[in-house]
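Please open the model in your viewer and keep the selection tool at hand.

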Amino acid sequence: MNIVVLGPGAIGALWASHLKSSGHNVSLWGRSSTEQTVIQLDDSPEQSFPNQNAQALHEADLLLVTVKVWQVKSAFTPLLSSISKDCIIVFMHNGMGAVDELKAELSPFPVLLATTTHGALKTSSSKVSHTGKGATQIGPYNAQGARCEFITEVLNHSLPSVQWNSDIEKALWQKLAINCAINPLTAIEQCNNGQLAESRYQASLAAVIQEVTSVIQAEEITLSYDELHKTVAVVIEATKTNYSSMRQDIFYQRKSEIDFITGYLLKTAKRHHINTPENDKLYQAIKQIESSWINHD
Ligand code: PAF
């Protein structure tokens, strides 16, 4: 397939490398204006990809969008008029709400949403490390997307495991619950994920998960507090030596995904008139840290 990866950060580069290795014609669309971009995945040989190639974008059968959630609109909108209406668009990022902002623009295209638990880290502009083997779920965002289940096999062949989930909304909410629980707290405490297993964090984690459960259930998604609490505990243990993406963003003073993680939860809670004091507190704390850098400039 002709594939373009928009946003060759850690996860985008991981996918680009695996897709190319399994024989696809892969191009990147990154911020750098160089014509070729080199990626080296762990100890594999370097791979070279065309970058920002208009012809490749025009001929793409699949556009994999792996930019950060808050970059989706600004990175994707300028490309819209160059993409063929048959091109399958897959969005893969932490957080929710960004694709809804583009609902009208996306209506002609088959659109899929994906969530992954693979861990990847960019250790230099070309080197990527696959830090944790995970799994990916993919499912339809619109009716045209629902006809593209075959893409699961294409992706699964390159970087397993990939599973089709016709209720992708539920998988995304489950991931949002994990991110609401782990990301702000590890960013505020500047700790690794494993430290959240300490007893002093249990009350906050329980309150966050309780509030998320109320919102999820108001959205008529069947996930219980016990299920979510267990899932969060499993992820904390499985990623105990990792720093969460928000911890890293705050550490390096980069804009975080808070508006599309806790912020999305708060917006949805408000629509349902649900109180979310613990998530409010964490949201405000992250916003305050972010605004302190802006004030410094
Ligand atoms: O955002 C992250 O860092 C990850 O989604 C997760 C699962 C919290 C692990 O660090």
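Select Asn 179 and the ligand together: a polar side-chain atom of Asn 179 lies 3.0 Å from an oxygen atom of the ligand, a polar contact being a pair of N or O atoms within 3.5 Å, where within protein one must be able to donate a hydrogen and the other to accept it, and residues adjacent in sequence count only if both atoms are side-chain atoms. This is a predicted model, in which local features need pLDDT of at least 70 and side-chain atom pairs count only at pLDDT 80 or more, while totals for chains, interfaces and linings use all residues. Residues are numbered from 1 along each chain as its sequence is written, and side-chain values use heavy atoms, with hydrogens and water left out.

Now show the whole shell, meaning residues with a heavy atom within 4 Å of the ligand: Asn 94, Lys 175, Asn 179, Asn 183, Asn 193, Val 235, Ser 244 and Ser 245. By class the shell has 1 nonpolar, 6 polar and 1 charged residues, where Ala, Val, Leu, Ile, Met, Phe, Trp, Tyr, Cys and Pro count as nonpolar, Asp, Glu, Lys and Arg as charged, and the others, Gly among them, as polar. Helix H7 supplies the largest share of this shell, 3 residues; helices (H or I, at least four residues) and strands (E, at least two) are DSSP runs numbered from the N terminus.

Which residues line the largest cavity? Select His 93, Asn 94, Gly 95, Met 96, Thr 115, Leu 172, Lys 175, Leu 176 and Asn 179, and note that H7 gives the most to this lining, with 4 residues. The volume of the cavity is about 40 Å³. On a 1 Å grid over the protein atoms alone, a cavity is a set of points where a 1.4 Å probe fits but cannot get out, a pocket is an open set with protein on both sides within 12 Å along at least five of seven lines, and lining residues have an atom within 4 Å of a point. Grid points are joined across faces, edges and corners, and a volume is the space filled by probe spheres set on the points.

Move on to the second largest pocket, of about 200 Å³, by selecting Met 96, Gly 97, Asp 100, Leu 113 and Leu 172, which lie nearest its centre among 14 lining residues. Strand E7 (111-116) and helix H7 (168-189) each give two or more residues to that lining, which by class has 9 nonpolar, 3 polar and 2 charged residues.

Finally, look at two backbone details. The peptide bond from Pro 160 to Ser 161 is cis, with omega near -5 degrees, and Ser 161 lies in the loop between helix H6 (151-158) and strand E11 (162-164). Gln 190, in the loop between H7 and helix H8 (202-218), has a positive phi of about 50 degrees although it is not a glycine. Most residues other than glycine have a negative phi, and most peptide bonds are trans.
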